[in-house]
Amino acid sequence: MSAPAADRSSTDGADEAAPGGPQPRNRLERSRDGAIATIRRGLRLSPEFARGLGPTLLLAVAATAGKVIVPIAIQQIIDRGIDSSGRPDMEFVAATVALCAGTLVVTMVCAYLMNVRLYRATESALATLRRKAFRHVHDLSVLTQNSERKGSLVARVTADVDQISTFMQWGGLQLIVSVGQLAVATALMAVYSWELTLLVWVCFVPLLLGARWLQKRLSRAYLTVRERTGDMLGAIGETVMGASVIRAHGTEERTARRVDTTVLATRTAQVKAQRLSMAVSPFAEMIAAVGNAAVVVAGVLLGLGGGITAGELVAFLFLMTLFVQPMMMATEIFNEAQNAIAGWRRVLGILDTVPDIADPGEAGTALPRGPVEVRFDGVSYAYPGGPTVLDSVDEAIAPGTRVAVVGETGSGKTTFVKLLTRLMDPGRGRVLVDGTDLRDVAFSSLRARMVMVPQEGFLFDSSLGANIRFARPEATDAELEAAVTELGLAEWLEGLAHGLETPVGQRGESLSAGERQLVALVRAYIADPDLLVLDEATSAVDPDTEVRIQRALDRLTRGRTSVAIAHRLSTAEAADEVLVFDAGRVVQRGTHDELVARPGVYADLYASWVRSSA
Ligand SMILES: Nc1ncnc2c1ncn2[C@@H]1O[C@H](COP(=O)(O)OP(=O)(O)OP(=O)(O)O)[C@@H](O)[C@H]1O
């Protein structure tokens with residue numbers, strides 16, 4: 001069972017040389033696409049954004065075009081509403097004002113409809129994006145999920161998507177309106193005077209160049225903001241979840257300081273990004289003032305030469321306000337856009353991460369029912385960047401056998417069962433069930449035939465019955481009760497005030513540790529697997545519950561193949577066979593009685609068990 005010499009030659013470096021075999025990729029991707037490519041990919045991922053965009057854009061054009069009615073009306077009233085004698089032509093003025101008011105009402109209705117359509121489209125699109133990202137998080141292996149704090153992962157699906165939403169609903173809208181407004185204002189200004197229009201654009205060229213220069217810096221700054229926000233949410237989430245441990249160890253102050261650090265880092269990143277973006281605003285205002293002054297001076301000179309009428313010049317100045325507005329708004333839109341792009345990059349990063357544990361799906365093998373045979377064929381494993389923790393394991397487990405896995409802490413027991421349940425794939429070698437490589441078994445078949453009961457089974461904040469039914473949603477109350485009885489737990493269930501309706505609280509906190517284990521066992525029983533993998537809980541329970549757990553375990557494993565990481569001597573004693581792990585290898589194998597009689601790792605473990613329970 002010893003590893004080939006080449007296997008032991010190196011503990012790090014290139015994948016091929018890694019002793020545990022090629023090391024799994026386990027980090028979430030960071031999308032490195034450019035801004036436009038990111039937006040394009042983001043939009044493609046949520047087709048709802050583009051759906052019905054045509055009519056929305058038409059409404060935006062109508063809403064924007066309507067705004068120019070006021071300058072045109074003013075020009076008309078000044079130039080044509082006053083007759084040659086200097087008296088106002090009231091009929092013309094009234095008609096112009098009425099037309100102006102009518103157009104403004106239509107404009108407002110168009111703007112309202114555009115907003116409603118845009119909100120509807122963005123909300124649907126973001127819901128799709130969130131669903132896709134969330135599903136993908138579930139497809140990633142536990143190793144990949146663990147590479148990022150849970151809270152940070154949640155942030156990518158919530159806060160980062162929210163940031164995109166802010167842009168799409170406000171910034172995106174403003175962008176459409178602003179571009180439209182800029183185009184319409186420019187066109188109309190050119191109708192009144194192309195010379196003055198050219199002058200205005202020349203004044204604003206430095207602003208556009210400055211904005212371009214700023215774009216790269218803002219992009220980096222906002223990616224940092226999104227990352228710091230993710231860290232902060234991760235730290236806060238972890239702290240809230242671990243509140244009882246923090247209190248128990250009196251480390252509130254230290255923990256609060258850790259959270260403070262992430263909060264302050266987020267603040268610093270935000271301030272830096274805002275400082276950059278705010279630099280543009282005063283610059284833009286200065287340019288607008290210079291532009292206005294230049295137009296007034298040039299316009300008067302042009303007017304003196306007969307190149308522009310008084311009404312046209314006044315209208316031009318009004319139109320300039322419409323022109324300047326989007327220019328001023330550009331920085332804010334820019335901010336939101338950069339923030340959204342950073343959010344998109346992080347969400348895309350999730351979707352770009354290829355699950356390292358792939359489901360062969362339809363092409364996969366479906367395992368037939370019946371007790372499972374398990375074989376480890378030259379299996380080695382090393383966690384990413386770490387040393388070999390399982391070394392050339394070659395073991396077979398006959399169908400229907402109860403196997404206990406024992407060994408010192410860190411000897412590789414958990415790694416062994418993670419490979420057996422395909423939470424990870426071996427670096428080298430194969431894990432076979434009924435002669436089929438686990439990698440070729442369809443997930444649906446694998447999960448139906450194999451159930452893992454972890455040390456601390458996760459309970460959802462619901463009733464006891466709903467938590468048991470999690471394994472088989474269609475199970476009736478009668479089936480649940482029958483399962484509880486068959487596991488010898490009827491008396492325990494009767495003792496609960498609300499029976500199956502008993503609320504378990506968040507993560508099952510309303511139940512005792514032992515009761516949570518019982519729920520996990522009934523849940524596994526309801527799933528009716530052919531291979532049961534158990535990581536025995538280490539928490540101490542009262543003698544009554546201990547008896548119940550042992551009885552339930554005995555009935556649960558009867559007639560099935562089972563592999564249990566045994567922390568209790570009684571479990572090893574009850575097993576048909578014991579596999580003894582030491583430093584990543586199986587060093588002994590046999591029944592409890594055989595192993596106790598031989599000097600070795602098991603006999604030592606047994607001696608220390610006996611001492612600790614004496
Ligand atoms: N996610 C991980 N990343 C890196 N190294 C890990 C990871 N999980 C376990 N290890 C390392 O792999 C080795 C074997 O760990 P494993 O959890 O399989 O041991 P174990 O026998 O189950 O221990 P215990 O009885 O304490 O649970 C240990 O040295 C451990 O530090």
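Q: Let's begin with the overview. How many helices and strands does the chain have, and what share of the residues is buried?

A: The secondary structure of this predicted chain comes to 22 helices and ten strands. Of the 614 residues, 39% are buried. For contacts with a separation of 6 or more, 81% join residues 24 or more positions apart.

Q: How do I read a sheet, and in which order do the six strands of the open sheet lie?

A: Here is the general idea: strands of a sheet pair through backbone hydrogen bonds, either parallel or antiparallel. In this model, six strands form an open sheet in the order E6-E7-E8-E3-E9-E10, with mixed pairing. Strand E6 (450-453) and strand E10 (585-590) are the edges, each pairing on one side only. From one strand to the next, the twist averages 20°.

Q: Which strands pair with E7, and in what sense?

A: E6 pairs with E7 in the parallel sense over four bridges, and five bridges join E7 to E8, again running parallel.

Q: Is E7 buried or exposed, and what is on its two faces?

A: The general idea is that side chains in a regular strand alternate between the two faces of the sheet. In E7, Leu 531, Val 533 and Asp 535 lie on one side and Leu 532 and Leu 534 on the other, all of them buried. Because five of the five residues of E7 are buried, the strand is largely enclosed by the rest of the structure.

Q: Which residues surround the ligand?

A: The shell consists of Tyr 383, Gly 386, Val 389, Gly 407, Thr 409, Gly 410, Ser 411, Gly 412, Lys 413, Thr 414 and Thr 415. By type, the shell divides into two nonpolar, eight polar and one charged. Helix H13 (residues 413-420) gives the most, with three residues.

Q: How does the sheet relate to this region, starting with what stands opposite Gly 407?

A: Strand E3 (residues 402-407) pairs with strand E9 (residues 577-582) in the parallel sense over five bridges. Gly 407 stands opposite Phe 581 in E9. H13 packs on the sheet, touching E3, strand E7 (531-535), strand E8 (561-565) and E9, and its direction makes about 150° with that of E8.

Q: What is the order of the four strands in the other open sheet?

A: Those four strands run E2-E1-E4-E5, and the pairing is antiparallel. The edges are strand E2 (388-397) and strand E5 (436-437). Six bridges join strand E1 (residues 374-382) to E2, and Tyr 381 stands opposite Leu 390 in E2.

Q: How should I describe two packed helices, and at what angle do H7 and H8 cross?

A: Two packed helices are described by the angle between their axes and the distance between the axes. The axes of helix H7 (residues 159-192) and helix H8 (residues 194-241) come within 14 Å and cross at roughly 180°. That makes H7 roughly antiparallel to H8. Among the contact residues are Ala 159 and Met 189 of H7 and Trp 194 and Leu 233 of H8. The residues of this contact divide into seven nonpolar, four polar and two charged.

Q: Finally, is Val 354 buried or exposed?

A: Val 354 counts as exposed because it has 12 C-beta neighbours inside 10 Å. This residue is found in the loop between helix H12 (310-352) and E1. Val 354 and Leu 140 are 214 residues apart in sequence and 7.6 Å apart in space, C-alpha to C-alpha.

Key
Residues numbered from 1 in each chain as written. Predicted model: local features only at pLDDT ≥ 70, side-chain atom pairs only at ≥ 80, totals over all residues. Axes fitted to C-alpha atoms, helices over the stretch in contact; angles between N-to-C directions. Parallel < 35°, antiparallel > 145°, perpendicular 65-115°, else oblique. Contact = placed C-beta atoms within 7 Å. Nonpolar A, V, L, I, M, F, W, Y, C, P; charged D, E, K, R; others polar. Near = placed C-beta within 6 Å. Buried ≥ 20, exposed ≤ 12 C-beta atoms within 10 Å, placed from the backbone. Pairing = 2+ DSSP bridges.
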